[in-house]
Amino acid sequence: MADGEANVRVHGTLKERPADRFQRERPHLTPLTPWPYRPVAPMAEPGRARRTRTAPVPPVVNVEHRPLAAYARITGEVQ
């Protein structure tokens, strides 16, 4: 249904059809890393809701590091 309605209408801000923009951006929509994304924000334990906003937050230990060249390749600045 979306392909017959919303994706073929001209977007008010972008002044182009989302379907056309998606086809142009498709080559750039590839994963940056071979491993799954790991969020850097601490997540609540399953089954436990946070009761207060002042609860201590554990330190972030694992942070994904990507070289700037990875982003340059995506934007097409470096081949």
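## Basis of the report

Two residues are in contact when heavy atoms of each lie within 4.5 Å. The structure is a predicted model, in which local features need pLDDT of at least 70 and side-chain atom pairs count only at pLDDT 80 or more, while totals for chains, interfaces and linings use all residues. Residues are numbered from 1 along each chain as its sequence is written, and side-chain values use heavy atoms, with hydrogens and water left out.

## Glu-16 and its surroundings

Leaving aside residues up to four places away in sequence, Glu-16 touches Arg-9, Val-10, His-11, Arg-21 and Arg-24. Glu-16 has a relative accessible area of 17% and is therefore buried (under 20%, with a 1.4 Å probe and protein chains only; exposed means over 50%, and partly exposed lies in between).

Glu-16 belongs to the segment before helix 1, residues 18-25 (a helix is a DSSP run of H or I with at least four residues, numbered from the N terminus). Its side chain makes a polar contact of 2.6 Å with the side chain of Arg-21 (a pair of N or O atoms within 3.5 Å; within protein, one must be able to donate a hydrogen and the other to accept it, and residues adjacent in sequence count only if both atoms are side-chain atoms).

## Pro-18 in helix 1

Pro-18 lies in helix 1 and is partly exposed, because its relative accessible area is 28%. Not counting residues up to four places away in sequence, Pro-18 touches Ala-6, Asn-7 and Arg-9. Pro-18 and Ala-6 are twelve residues apart along the chain, with their C-alpha atoms separated by 7.9 Å.

## Leu-68 in helix 2

Leu-68 is located in helix 2, residues 68-75. With a relative accessible area of 71%, Leu-68 is exposed.

Technical notes
Helix = DSSP H or I, 4+ residues; strand = E, 2+ residues; numbered from the N terminus.
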